[in-house]
Amino acid sequence: MVTHIARTRDRWGIFVLSLLRSSVYLRFWSAQLVSEFGDGITKTLIVFLAASKTNNPFIIGMVIFAQMLPTAVFGVFMGPLADRYAKRLILVSMDLYRMCIVLAMLFAQNHVWMLLVLIVLEGIGTSLFEPARSASIPLLVDKQKLPEAVGLSQSTTQAMIIIAPAVAGLLFLVHNYNAIFIIDAFTFLVSAALLVTLVELNQRNESSQGTQESYLTAFRHGIREVFGLSTLRFLILLLIPVTLAAGVLSTNLNALFLVELHVPAVKFGFLDATVGMGALLGSLISPFIVKRIRPSVMLLASTAAIGLWMIVVLVLPPFERLMGLSPIFAWSALVGGLNALLNVPVGALFLGITPQELLGRGSSILQATVNWGQMIGILFGGFLAGMTGTLYALAATGLFMAILVLFFPLLRGFKELYQVTQEPNQVA
């Protein structure tokens, strides 16, 4: 067992080194690293400010809702731009735009509703940035390395979920909220400086170079082509109930910590970091799991596991009274790990289905679907928590997820999804 773990760790190290040995990809990855660090500490601060000023689970949910709203509303319309224009121009300009929005948050930190407006404005930039970033990866790495690139990206995101809230928690001790916003703005500037050096991202998709499609034509063509892929269409539809449940979890997780269990500010930051630590470990092992079992099977297993683990939340309060916060930290770590095990197969399935020329539009449609599902779940989760309490809302949602898994394999589209492995662009 120990030998197997060591070999797995060594292979992961080889994959990472082979990607980062390229100075081009190293700069691309470094931009993600610094940008997500700044984002992480700012998101932790905004959630804490909303909770401390209102003590209302609905307002906490509205913060998460505001973060997702722009991608859900505008994301589909941003996809054609990500496919049509040079990625470098989009990525750099959106980094600088978001830097300005974060600096404006310095003057709105005492006004929750002003912060919500600025979160939406920042999210508009993210709704264009993320499809362009997703579509950039195949321009920088070989197709054979795409699963490893997705895994490294997931690992980086989860690492920042660990580090950033912990740093935010330390800054909470000195009430240095201004420093958090300034650090985030600076990270956007550093990210833009790194991305502007990537001349490889000036190239456009071959389909865009060979045609003079108008924006509306490219938009309609992208929608028609994406939903014309039956396997991708089924994946998008399959994710709707899963993301609804994820939204309930998102809005009630912070309420569970801050309102139900009354976790102090500093320990709240470390609880967020614990969720991230579990997610990091999950994302590290996910690429190896997805190479050994089909992504669709991994998607089902992860969904069922998350649902069952959410039901366990019912025993957290009595265990907290007996053992302190340690059971909550253990529960949070596994929540993060299981979420990572869910995200990686979705990414592998998406890359396995979607042609290169549709990655930007496909990514924007997929992300918009995920965000709409989570947003509805957030609103419903807040309503459900108000009716039944946070604990029962989480447990009921977990039961719903576990039941879903029993029906997924019975659907006709799942048979096509089952045929997809981790190799990119298998389904044309």
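Start with Leu140: setting aside neighbours within four places in sequence, Leu140 is in contact with Val24, Tyr25, Phe28, Glu200 and Leu201. Contact here means heavy atoms within 4.5 Å. Leu140 sits in helix α5. Leu140 has a relative accessible area of 15%, so it counts as buried. The cut-offs: buried is under 20% relative accessible area, exposed is over 50%, and partly exposed is in between, with a 1.4 Å probe and protein chains only. Phe28 is 112 residues from Leu140 in sequence, yet their C-alpha atoms are 8.7 Å apart.

Ground rules next. This is a predicted model, where local features need pLDDT of at least 70, side-chain atom pairs count only at pLDDT 80 or more, and totals for chains, interfaces and linings use all residues. Residues are numbered from 1 along each chain as its sequence is written, and side-chain values use heavy atoms, with hydrogens and water left out.

Now the whole chain. How many helices and strands does the chain have? There are 17 helices and zero strands. Both come from DSSP runs, numbered from the N terminus: H or I of at least four residues for helices, E of at least two for strands. The chain has 428 residues, and buried ones make up 57% of them. Take the contacts with a separation of 6 or more: 88% of them join residues 24 or more positions apart.

On to the cores. A nonpolar core is a set of buried Ala, Val, Leu, Ile, Met, Phe, Trp, Tyr and Cys residues joined through side-chain atoms within 4.5 Å. The largest one has 57 residues. Which residues have the most contacts inside it? They are Leu232, Leu235, Leu256, Val313 and Leu417. The elements giving two or more residues to this core include α9 (215-228), α10 (230-260), α14 (326-353) and α17 (412-418). Apart from it lies another core, of 43 residues, among them Ala50, Phe65, Ala185 and Phe188. As background, nonpolar side chains in soluble globular proteins tend to be buried together.

Zoom in on Val313. Not counting residues up to four places away in sequence, Val313 touches Leu256, Trp331, Leu391, Leu394 and Ala395.

Next, helix α14. Of its 28 residues, 21 are buried, so α14 is mostly covered.

Ser332 is in helix α14. At 0% relative accessibility, Ser332 is buried. Beyond four places in sequence, Ser332 is in contact with Phe257, Leu271, Thr274 and Val275. Is Leu334 buried or partly exposed? Partly exposed, because its relative accessibility is 38%. Its C-alpha atom is 8.8 Å from that of Gly282, 52 residues away along the chain.

Phe257, one of the partners of Ser332, lies in helix α10. Phe257 is buried, at 0% relative accessibility. Between Phe257 and Lys267, 10 residues apart along the chain, the C-alpha separation is 9.4 Å.

Now a helix pair. Two packed helices are described by the angle between their axes and the distance between the axes. Helix α13 (residues 316-323) packs against α14 at an angle of about 135°, with the axes 7 Å apart. That makes α13 oblique to α14. Axes are lines fitted to C-alpha atoms, for helices over the stretch in contact, with angles from 0 to 180 degrees between N-to-C directions. Under 35 degrees is roughly parallel, over 145 roughly antiparallel, 65 to 115 roughly perpendicular, and the rest oblique. Who meets whom? Leu316, Phe319, Glu320 and Met323 in α13 meet Ser326, Pro327, Ile328 and Trp331 in α14. By class, that contact has six nonpolar, one polar and one charged residues. Nonpolar covers Ala, Val, Leu, Ile, Met, Phe, Trp, Tyr, Cys and Pro; charged covers Asp, Glu, Lys and Arg; the others, Gly among them, are polar.

Last stop, two more residues. Ser127 is in helix α5 (residues 112-140). Ser127 is buried, at 1% relative accessible area. Leaving out neighbours within four places, its contacts are Pro70, Thr71, Phe74, Gly75 and Met78. Val76 is in helix α3 (residues 57-84). Val76 and Ser364 are 288 residues apart in sequence, but 5.1 Å apart C-alpha to C-alpha.
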